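Trainee: I have a new structure to look at, and I would like to learn how to read it. Could you go through it with me?

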Amino acid sequence: MTDASPSPLLSKHFYRRSLRVRVILSQLPLPISMLLVVIVAVAFRPTTMDNPLFQAGLWMQAALLLACALVPWHRLPFPSFLAIPYLDFVAVGLSRAGSADLLANVGLLALFPVFWLAASGLARRTAIVTSFLGTLLMVWIPLIVTGQTTMQAFSQPLLLPLMMLAIAVSVSVLTNSMDAQRRSIEAMDAELRESLEASRKRERLLHAIVETVSVGLVAVDADGHDVLQNRKQRKFHRLAAPAGNPDPAEAELLIYAADHSTLLDAGERPVRRAIQGEAFSDNLIWIGTGTEARALSSTARPITDPAGNFAGSVVAFYDVTELVTALAAKDDFVSNISHEFRTPLTSILGYIGLALDDSATLPADITKYLKVAERNADRLLTLVSDLLSIAAHTAEIRPRVTDLAELIELSLDSAAPAAAENGVTLVNESQTPLRAHADISRMGQVLDNLLSNAVKYS
């Protein structure tokens, strides 16, 4: 009747019932047994039914069963229902007294209230003592009423109270042990429920984060099956789907290389590479066609189990369409402006060259100025060519044997006007020749930058 459960089956079914139903079910075995006793009495000992004590016991059993059904036990103090098994001793005692001559074993029905009290888990010591005393009074009172007060008369029926005492102790110990097991299981169940709820909270948080980020995420297991795919990735999947095929396989997706024209083979696609255990970063691909095409930067990292074996991979797809478009626009701008610079610079170099062809008729200082202008115009043309190379991603260094002393002299001549304006004196202490294996244009840029900074900030 308490939370102590005799078996997992009762714990699952009996203790889920209302208190009234549990009281009825706990009392029901005794009336059923009494009904069997009545059937036996009618069949084999009909005179027993005429005994007023036996009849009183039957009526009391009926009244107790009716009380189990009608009394609102849930409104009364919780242990109040234990009055029923205590009264059962009286009913069984009356039935035994009324049938002692013909049905001596009716007293064994006291086992039901004994079991109920001992298994209730409430006041175990009281239940054990009551089980013994109740049965003892049940067998002694008839002796006292009939005047059989000898020691021999009192000792003969002691076996039944002692047997009930042993049963009460056994059931109480068993119930106590089961109570301890139940409490342990309930504690473990509470911990598991807390862990499960915490796990569910983390799962919901992770799901919210994964669905919120603007990065396409897909997780695959070692066999290549999708474990997780967020909202952004599902959108990318739809964009890469061929027309008329809303749910294509990975090999059917329209995935192109960085040139936006070469369709990637199945083995070269990011997810397939990730399934093979490959790790990579910033792998540029294109998905889809037409105006809906998107540039994606893909990154993959493998997942390993505790033993270090490959267990899957996570692939992230970043939408870099705007960045790629901006870089392409920048390259186009640099290319166009560089072409625009080349024409006037070529013209300037041409006219300076014509003027230097008549250097014999020009003053020496004018010739020197023209050479400096020619060198800087040539360097500017080289810079324009470098910009075109960078836009085409073909920039390179062309080293050759050169005289750095000559480069230093030319750089000093270029910086002389600015130095004179700032009151800075430039002194050339380099030794001639000063051979080096270098790119003349690049080294000239380095020297000019150094001298320009020196003049500006000295």
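This is a predicted model: local features need pLDDT of at least 70, side-chain atom pairs count only at pLDDT 80 or more; totals for chains, interfaces and linings use all residues.

Trainee: How is β3 joined to β4?

Mentor: Look for bridges. Between β3 and β4 (residues 280–287) there are 2 bridges, in the antiparallel sense. You can find the partners yourself: I255 is paired with I287 of β4, and Y256 is opposite W286.

Trainee: And where do the side chains of a strand point?

Mentor: As a general idea, side chains in a regular strand alternate between the two faces of the sheet.

Trainee: How many bridges link β4 to β5?

Mentor: There are 6 bridges between β4 and β5 (residues 294–304), again antiparallel. One of the pairs to look at is N283 with S298 in β5.

Trainee: Which other strands form a hairpin?

Mentor: Go to β1 and β2, where 4 residues lie between the strands and G224 in the turn has a positive phi of about 90°. Strands β1 (residues 216–221) and β2 (residues 226–229) run antiparallel and are joined by 3 bridges. Within this pairing, V218 is opposite Q229.

Trainee: Now the surface. Which residues form a nonpolar patch?

Mentor: The patch consists of I32, L35, L36 and I39, and together they have about 390 Å² of accessible area. I32 belongs to helix α3 (residues 29–44).

Trainee: Why is I32 called partly exposed?

Mentor: Compare its value with the cut-offs: buried is under 20% and exposed is over 50%. I32 has a relative accessible area of 44%, so it is partly exposed.

Trainee: Last, the largest pocket. What is its volume, and which residues are closest to its centre?

Mentor: The volume of the largest pocket is about 450 Å³. Of its 21 lining residues, G93, A97, M138, I141 and P142 are the closest to the centre.

Trainee: Which helix supplies the largest share of the lining?

Mentor: That is α7, with 8 residues. Both α5 (83–99) and α7 (124–145) supply at least two lining residues each.

Technical notes:
Residues are numbered from 1 along each chain as its sequence is written. Side-chain values use heavy atoms; hydrogens and water are left out. Two strands pair if DSSP finds at least two bridges between them. Patches are made of residues with over 30% relative accessible area and no salt bridge: like charges are joined within 9 Å, nonpolar side chains (Val, Leu, Ile, Met, Phe, Trp, Tyr) within 5 Å. Accessible areas come from the Shrake-Rupley method with a 1.4 Å probe; for residues, only the protein chains shown count as cover. A salt bridge is a side-chain nitrogen of Lys or Arg within 4 Å of a carboxyl oxygen of Asp or Glu. Buried means under 20% relative accessible area, exposed over 50%, partly exposed in between (1.4 Å probe, protein chains only). On a 1 Å grid over the protein atoms alone, a cavity is a set of points where a 1.4 Å probe fits but cannot get out, and a pocket is an open set with protein on both sides within 12 Å along at least five of seven lines; lining residues have an atom within 4 Å of a point. Grid points are joined across faces, edges and corners, and a volume is the space filled by probe spheres set on the points.
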